[in-house]
Structures are given as structure tokens and as C-alpha cells.
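Trainee: I would like to go through the labels on this model and ask what stands behind each one.
Mentor: Go ahead, one label at a time.

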Amino acid sequence: ARKDTRTPVLVGVLGVLVYLVIALALIAPLGMLGLVLANSMQLTTHALVMLYLAHRHFDGLRGQDLPRSALKVLSASLAMGSAVLASYPHVTRLAERWPTWDELFVVVVGGAVGVASYAVLIWVLRVKEVAYLRDSIAARIRSASRTAAE
């Protein structure tokens with residue numbers, strides 16, 4: 001959007017390097033959990049570097065209320081993780097009925113619990129970016145329907 005494709009690519013490469021270093025360090029002692037942690041660190045690094053660059057490029061991000069939004073999203077994420085963790089024993093017990101599909105069932109149902117709980121929580125916490133996204137989508141739909149009617 002800012003006609004600068006180089007910076008996001010370089011930040012992405014940095015994220016991949018972070019992933020590789022952490023994954024190689026943690027895969028032996030932690031197995032798959034090491035890869036999960038490496039992926040989380042990659043995405044966190046990417047987000048923080050891009051936030052820093054945006055802050056610097058736009059001479060600050062005043063008025064955006066990022067700490068409040070971040071706290072709401074973090075709270076919703078922690079609650080979502082708790083909901084998925086709490087549902088896991090019940091989901092695995094249900095999955096035993098379909099031995100051929102048990103792993104897929106656990107992933108799909110666990111994912112659905114996560115998505116549903118997160119969606120409800122960000123709605124309840126009134127994360128303003130969600131309202132912005134909803135309004136943007138509604139505006140595009142209205143614009144497209146007006147164009148189609150003409």
C-alpha cells in the first residue's frame with residue numbers, strides 16, 4: 001500500500017531466520033512443541049518489527065489506542081487457549097467413537113471451539129478493529145451491489 005515491497009520481505013526473511021534458529025535449538029528437547037514455539041516467535045518478531053517500523057514511518061501511532069486493543073486481544077487469546085484446553089479431554093473422549101478419524105476430529109472440533117470462543121470474546125470485549133473490519137466489509141458489499149445494479 002505504501003509502494004514499499006522490500007521492507008516487508010526483509011522483515012519476513014528475518015522472521016524465517018528467527019524461526020530456524022529457535023526451531024533448530026528446540027526440536028530435539030521439545031519435539032513438535034519446539035516447532036510451535038519457534039513459529040510463535042517468528043510471528044511475534046514479525047509483528048513487533050513491523051509495528052516498530054510503522055511507528056517510526058508514521059511518526060508515531062498516537063490515537064490508535066494500541067495498548068488497550070493489545071490487552072483485549074491478549075485476554076481473548078488466553079481465554080481461548082483455556083477453552084480449548086478445557087474441551088480437550090471431552091473432545092478426545094468423543095473422538096474415540098471414530099478411530100479412523102479421531103485425530104482429524106480432535107483438530108477440527110478443537111479448532112472450532114477456539115474460533116468460536118475467540119470470536120465471542122473479541123465481540124464481548126468490543127475490540128474496535130473488529131468493528132472497523134465489519135464496517136469495511138459492509139461498505140464494499142454495498143458498493144458492489146450498487147455497481148451491479150447500475
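Labels and their cut-offs

Mentor: Leaving aside residues up to four places away in sequence, Ser-117 touches Met-80 and Ala-83, where contact means heavy atoms within 4.5 Å. The model is a predicted one, in which local features need pLDDT of at least 70, side-chain atom pairs count only at pLDDT 80 or more, and totals for chains, interfaces and linings use all residues. Residues are numbered from 1 along each chain as its sequence is written, and side-chain values use heavy atoms, with hydrogens and water left out.

Trainee: Why is Ser-117 called buried?
Mentor: Buried means under 20% relative accessible area, exposed over 50%, and partly exposed in between, with a 1.4 Å probe and protein chains only. Ser-117 has a relative accessible area of 15%, so the residue is buried. Its place is in helix α4, where helices are DSSP runs of H or I with at least four residues, numbered from the N terminus.

Trainee: What makes the span of α4 close to the expected one?
Mentor: The expected span is 1.5 Å times one less than the number of residues. Helix α4 covers residues 102-124, which is 23 residues, and the expected value is 33 Å. From first C-alpha to last, α4 reaches 32 Å.

Trainee: Which residues of α4 are buried, and what covers them?
Mentor: Val-106, Gly-110, Gly-114, Ser-117 and Ile-122 are the buried ones. Their cover includes α3 (66-95) and α5 (128-149).

Trainee: What makes Asp-135 and Arg-134 a salt bridge?
Mentor: The rule asks for a side-chain nitrogen of Lys or Arg within 4 Å of a carboxyl oxygen of Asp or Glu. In this pair the closest N and O atoms are 3.4 Å apart. A search of the whole structure finds one salt bridge. Arg-134 has a relative accessible area of 53%, so Arg-134 is exposed. Asp-135, at 43%, is therefore partly exposed.

Trainee: Which residues of α2 are buried, and what do they pack against?
Mentor: Gly-34, Ala-38, Gln-42 and Thr-45 are buried, and the buried residues of α2 pack against α1. Helix α2 (residues 32-57) has 26 residues and reaches 37 Å, close to the 38 Å expected. Asp-59 follows α2 and has a positive phi, near 55°.

Trainee: Which residues form the nonpolar patch on the surface?
Mentor: Patches are made of residues with over 30% relative accessible area and no salt bridge: like charges are joined within 9 Å, nonpolar side chains (Val, Leu, Ile, Met, Phe, Trp, Tyr) within 5 Å. Val-9, Val-13, Val-16, Leu-17, Leu-20 and Leu-24 form the nonpolar patch, with about 550 Å² of accessible area together. Such areas come from the Shrake-Rupley method with a 1.4 Å probe, and for residues only the protein chains shown count as cover. Leu-20 is in helix α1 (residues 6-30). Leu-20 has a relative accessible area of 42%, so the residue is partly exposed.

Conventions
Helix = DSSP H or I, 4+ residues; strand = E, 2+ residues; numbered from the N terminus.
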